[in-house]
Amino acid sequence: MTLKRKFARIDLTEKKITIHEVPRQWRYLFLGGSGMSAYLLYKYMLPESDPFSRDNTIIISSGLLGGSPAAGISHAGFAFKSPLTNTMAYSTYYGPLAAEMRWAGFDYIMIQGGSDKPVNLHIQDKRIKILDAAKLWGMNTTDAMKQMRNERGTFSGTLFCTGPAGENRVRFANMTDERGVTFGGAGLGAVFGSKRIKSVLCEGTGTIEIKDPEAVLAWHRASGISWTRKNKSPEHGKPDARDAGYRRWFRESGIDFKTGMAMLTWSSSQGGRIEALPTGMAEFELYPSGGQTEKTNVEMIASRKGFGEILAGGPLRASERLGGDSLKYFGSVQRLLEIYCGENPVSAAVDSPAPKEPKPIPPFPEKREPAPGPDKSQGDGLDENSWVMPLMDPVKRVCNGLGVAHSDIFFNGKAGGLDVLKELIHVNSGLVFNPADLMDLAFRSDAVERLLDIRETPLSRGSSLSDFCFHPMDGSILSMSVLQDIDLKKYRFEVQNHYRLNHWDKKNLLKLKTFKDLRIHDLWPHRKRT
Amino acid sequence: MAKKLLMAEPDKCTGCKACQIVCSIKHSGVSSPRKSRIRIIPLGSDIFLPVGCQHCEEAPCMNVCPKDAIYLDQKLERVMVDYDRCVSCRTCAAACPYGAILFEYEHGKIYKCDLCDGAPECVRFCEPRCLKFVDRSMLPYSKMRGAALRMTVGTRKTMPE
């Protein structure tokens, strides 16, 4: 497939759009995915930006397999600084957007700045327009998208928008598309809302050239490639019967369902605290009892009215208002970790359910030389003696770079290793990698994401994960140990120690030599605000 | 040989457009939504309908062609275009009730689904298994099975095949 795709920079403050060729170098350094997005955020987003400020940046990436025969499992990626976690979030969105972007001629779209007035972005065949959205501002997602389609008179392209929750900067506001698919629960909707972007419509009718079309199809047939994406999931395909009611209200409001539901359930346990809060909260029904009550609760969060104003900040910030030990009534530490770590790739080092001890993190090597021995690039195996051991399984990382989920892709019934993936890459794009190159690429992607998190979370003592379990402002330990038999003090110490002992902490990583070794020395000037 | 039909189950379609992609790659050598013989028509909300040539038995396109360029291939029972006779008048495109005959302005030719000589690529690459190439006798099978399951097991969902 042709790699001649563009990188568009949209500056909403200046109302300026510039379009550049995607440097071939990027493909070899990262392929795509969250590693590439982290690189772009590191380079183009001001350090320590407030997520709701105009300095925050959104990167939309199509993935290398967008528009290829792997369209059924390919996804587009959205990278941004999350208002919920204050670190980079990377949200995957399954559907035709990846193909539509590539047909329109774009592989990456970067949105910077912010608009004074509500706008819609329209991406169509090598052009991007910023259109007025004043009439749609304040509408729920369903009504807004319906009106847009009625005005356009066509259903072509991929359309997604934010709802009242995003407009009001609820920290776990997400985006919704016309299929009812939601994505970006780490606050993507809120970031779009803070930039006054109501919706994005991407229509591509262009052509992606392929060097040897028959070879591409034949390879896909012969490889036995198959995928298992569950198309009936409300998140990733067609809504099922459960969508009636609950999810529809959340979706139309623009609130991430999982986080919002957890918050509503938690709020029902906060009875005494509610009574102590200022008047005006009484109308909020504390215990969801069905029907109109739950809808009211959802609307209150979206509009930040009454108790919704407290919940709109997410669990950690809400607990500040309610009292530090209120979090011990939260559903589970596991759920908290999912909320705060679900879209942070670095958190892949710690699986959910919450472990009692941190998963071993491989050392960041001083010298990167291949270790002798058999090829360790197959399947999911990680060799502790290997010279390059990314935080994320290298196969998963390469799939992430391609814009597919590792868990969805099988070759003749088995999970593919790097040797198969290099063929998949070559037959679809012409790029040549050997397994060692892909390991190197995987490592670099992990490293640049870690560097970005170190830069963006100044309170971190070397572990962005451990900070999610603690007070985000002064670092005090939250009393959650009653929920699980996790000793949080010990957990935090061990995670920090792990990063430090294995040289993944700020002191060891933030060196010019490291940047040069990773071939990202152009990022060195961006390591701090000047 | 029993006639096989290309059928779609719209409730399974997720709108991913993989079918459009592989169809355009197969027939035109590029990935392009405009060059696909099958189109995904979004009907609003979460409903998508794959639309292509139905290979009608009494094909209107065949009836209106002034040059008898459209004929029925007896072997696969598919409606085909003889490009040696076709003059690109597009009367067939106007007559088709499904809009399944398209015109490529680049080369000045009409194009439509040809069932990929009996092995439709769109079926092979349809991940949600919305598209199927089945014997005509089996056409209502999945609906029958779904109804049977509802009557016995009481589920609204069809079991995986």
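This is a short walk through some salt bridges of the structure. The model is predicted. Side chains of opposite charge can pair when their charged atoms come close. Over all chains, the count comes to 26 salt bridges.

Start with Lys135(A). Its partner is Glu151(A), and the closest N and O atoms are 3.4 Å apart. Lys135(A) sits in the loop between strand E8 (127-132) and helix H4 (141-152) of chain A, while Glu151(A) belongs to helix H4, so this pair ties together parts 16 residues apart in sequence. Both Lys135(A) and Glu151(A) are exposed.

Stay with helix H4 of chain A, which also holds Arg152(A). The side chain of Arg152(A) meets that of Glu203(A) in a salt bridge, at 2.9 Å from N to O. Glu203(A) lies in strand E12 (residues 197-203) of chain A, so the pair ties together parts that are 51 residues apart in sequence. How exposed or buried are the two ends? Glu203(A) has 5% relative accessibility, so Glu203(A) counts as buried. Arg152(A) is partly exposed, because its relative accessible area is 36%.

Now move along chain A to Arg455(A) and Glu456(A). These two form a salt bridge, with the closest N and O atoms 2.8 Å apart. Arg455(A) counts as buried because its relative accessibility is 5%. Glu456(A) also counts as buried, at 1%. The cut-off for buried is under 20% relative accessible area.

One last stop involves three residues. Arg27(A), Arg102(A) and Asp107(A) are linked in a network of salt bridges.

Terms used: Residues numbered from 1 in each chain as written. Chains lettered and ligands numbered in written order. Predicted model: local features only at pLDDT ≥ 70, side-chain atom pairs only at ≥ 80, totals over all residues. Heavy atoms only, no water. Salt bridge = Lys/Arg side-chain N within 4 Å of Asp/Glu carboxyl O. Helix = DSSP H or I, 4+ residues; strand = E, 2+ residues; numbered from the N terminus. Buried < 20%, exposed > 50% of the residue type's maximum accessible area, 1.4 Å probe, protein only.
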